[in-house]
Amino acid sequence: MRPSCLHSDRVPLGAGTPVNLGGERPLMLVIDDLHWVDHPSLRFIAYMASRLEGVPIGVIAATRPNEPGADATLLAVIARDPLASSIRPRGLRPDGGRGGV
């Protein structure tokens, strides 16, 4: 059962959407700062992500926890999707950036 915030009567998936494009060849959708995405777009991303099983599409999204103004409900829906995996990198040590500079 889908969460009520994902009811799809206003979220059409037409011929140009990533779900349909994934049938032609593999597709990667990368979203940085997911916590800053506007509500309608976040609803679409959550709706789309819940329908990707068996579709050759990968979604990578970066977000910060507890960001003011973020839609915590929809972000949680996306994170709890059965196909989702979360990676929580640790912070750098004080000298951790020296090797890359």
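The model is predicted, with local features requiring pLDDT of at least 70 and side-chain atom pairs counted only at pLDDT 80 or more, while totals for chains, interfaces and linings use all residues. Residues are numbered from 1 along each chain as its sequence is written, and side-chain values use heavy atoms, with hydrogens and water left out.

Strands β1 (residues 27–31) and β2 (residues 57–61) pair in the parallel sense through five bridges (strands being DSSP E runs of at least two residues, helices H or I runs of at least four, both numbered from the N terminus; pairing requires at least two DSSP bridges). Within this pair, V30 stands opposite I60 of β2. Together with helix α2 (residues 39–49), the strands form a right-handed β-α-β unit, in which the path from the first strand over the helix to the second runs clockwise when the strands point away from the viewer.

The largest nonpolar core comprises nine residues: I31, L34, L42, I45, A46, L74, L75, V77 and I78. Such a core is a set of buried Ala, Val, Leu, Ile, Met, Phe, Trp, Tyr and Cys residues joined through side-chain atoms within 4.5 Å, buried denoting under 20% relative accessible area with a 1.4 Å probe, protein chains only. Helix α3 (72–79) gives the most to this core, with four residues. Beyond neighbours within four places in sequence, I45 is in contact (heavy atoms within 4.5 Å) with I31, L34, V37 and I78.

Technical notes:
Buried < 20%, exposed > 50% of the residue type's maximum accessible area, 1.4 Å probe, protein only.
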